[in-house]
Amino acid sequence: MGLLKRAEKDGRRFLNPVPAAVGGFSIALKVLPHYLSNKEETEPRIPLGPFHTDAALYAEAPASGLRVTWFGHSSLLVEIDGVRVLIDPIWEQRASPMQWFGPKRFFAPTLALEDLPPVDVVLISHDHYDHFGAQTLRRLATLNPKIRWVTSLGVGERLRRLGVEAGQIQELDWTQSAEVSGQAAGVSLKITAWPSKHFSGRGLFDRFTTLWSSFVLEGPKHRVYFGADSGWWEGFAEIAAQYDGFDLTMLEIGAFSPLWSDIHMGPDGAARAYQDLGGPEKAGLLMPIHWGLFNLALHGWRQPMERMMEVAQSEGLPLWSPQPGVPSEVTSGDRLFSAWWHHK
């Protein structure tokens, strides 16, 4: 595990597993002229949805043992071998420190937080506003004070400020694991944190002071790789080498630009990472995430999936992309593709 090791720090700041250029003021200066001249449809001109989740479906366990509900962007409910994992939930109107300004969601939440089925663990990859919705997390902590929380190093303090009980939080360094129990006796899931090539922070002065991670969810019968946010890097192949394979691989495709390719990989980088993770033989179905809900880059809002389709067709990649809010069974080899976004 040459590249897979505990996170290192320079003073208070965590370091990426390999050197990475993270944009600052200089990048903002480069982006500004592109932003002013941009003619892409970065937000849908025609309102999307409404999309709805039929909460009654959760009364029955998934027949396959693995079911995923994608709420948009990187927010997901993963039901895996009897354990329910809510990942990076954000029900906020905007991915922003204020709810009157900033990237606004393209469609409303597909169900109320109160209508979610009983969740065993909330998994938070890092503390950026499009993954760590403070109002959402505060409400979840109120609804279920005894829920388990698993996150990256340093993020636990942010959760405690939102009312999450300290004893319910487990922070993971890279290569560390947590065991989570399901509702039924004897059911458990192993969650392991692995490095990703990204950064953290919620303000001007706290960048890198908390950790960012990707995760593997490992049940008795199924295994899922959640790539969270990352630029392409050489560690994907090493992560894959730790496992016999995955049933589903979730990789980011949106919020991409060549100006910040070190920290977001886009569709082409996702295809490369998927191949590094073992391709169709070992990495299972490829689920594109981190797109379709917020305007976080200069590209057209459909462009990530349009490009992902082109790459998938040329390379024979098995895409698995459900409609927002629909609990969808994951069955080995069965592709799923919803063209919910393809309107004029």
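In what order do the seven strands of the open sheet stand? I looked this up first. The order is S8-S7-S6-S5-S4-S3-S16, and the pairing is mixed. Two strands pair here if DSSP finds at least two bridges between them. Strands (E, at least two residues) and helices (H or I, at least four) are DSSP runs, numbered from the N terminus. S8 and strand S16 (328-329) are the edge strands, each with a single partner, so one side of each has no neighbour in the sheet.

**Ground rules**

I note that this is a predicted model, in which local features need pLDDT of at least 70 and side-chain atom pairs count only at pLDDT 80 or more, while totals for chains, interfaces and linings use all residues. Residues are numbered from 1 along each chain as its sequence is written, and side-chain values use heavy atoms, with hydrogens and water left out.

**Whole protein**

I listed the secondary structure of the protein and got seven helices and 17 strands. The radius of gyration is 19 Å, close to the 20 Å that the globule rule gives for 344 residues, so the protein is as compact as a globular protein of that length. That radius is taken over C-alpha atoms, and the globule rule is 2.2 Å times the number of residues to the power 0.38. Along the principal axes, the C-alpha atoms fill a box of roughly 60 × 50 × 40 Å.

Burial came next. Of the 344 residues, 57% are buried, where buried means under 20% relative accessible area, exposed over 50%, and partly exposed in between (1.4 Å probe, protein chains only). I also checked contacts, meaning heavy atoms within 4.5 Å. Among contacts with a separation of 6 or more, 67% are between residues 24 or more positions apart.

**Annotated domain**

I looked for a record of a domain. UniProt, in an unreviewed entry, places "domain: Metallo-beta-lactamase" at residues 84-291. UniProt positions are in the numbering used here, feature names are shortened, and annotations may be inferred rather than shown by experiment. Over residues 84-291 I find 18% helix and 23% strand, with the end C-alpha atoms 23 Å apart.

**Strand S7 and its partners**

Why is strand S7 (residues 148-152) largely enclosed by the rest of the structure? Four of the five residues of S7 are buried, so the rest of the structure largely encloses it. Strand S6 (residues 121-124) runs parallel to S7, and four bridges join them. I picked out two pairs: Leu123 stands opposite Val150, and Ile124 has Thr151 as its bridge partner. From S6 the chain passes through helix H2 (residues 134-143) to S7, a right-handed β-α-β crossover. A crossover is called right-handed if, with the strands pointing away from the viewer, the path from the first strand over the helix to the second runs clockwise.

S7 is also joined by four bridges to strand S8 (residues 169-172), again in parallel. Here Thr151 stands opposite Glu171. The path from S7 to S8 goes through helix H3 (residues 155-161), and this β-α-β crossover is right-handed.

I then moved to strand S10 (residues 188-194). Five of its seven residues are buried, so S10 is largely enclosed by the rest of the structure. Strand S9 (residues 177-181) pairs with S10 in the antiparallel sense over five bridges. The two form a hairpin with six residues between them, and Gly186 in the turn has a positive phi of about 85 degrees. S10 and S11 run antiparallel and are joined by five bridges. I followed Thr192 across: Ser177 stands opposite Thr192, and in S11 the bridge partner of Thr192 is Val216.

**Ser214**

Is Ser214 buried or exposed? Its relative accessibility is 0%, so Ser214 counts as buried. Ser214 lies in strand S11 (residues 214-218). Its side chain makes a polar contact with the side chain of Tyr225 at 3.1 Å. A polar contact is a pair of N or O atoms within 3.5 Å; within protein, one must be able to donate a hydrogen and the other to accept it, and residues adjacent in sequence count only if both atoms are side-chain atoms. A polar atom of the Ser214 side chain also lies 3.3 Å from the backbone oxygen of Pro195. Beyond four places in sequence, Ser214 touches residues including Thr192, Trp194, Phe226 and Ile239.

**Gly245**

My last entry is Gly245, in the loop between helix H4 (235-240) and strand S13 (248-252). Gly245 is buried, with a relative accessible area of 13%. Leaving out neighbours within four places in sequence, I find Gly245 in contact with Arg223 and Lys282.
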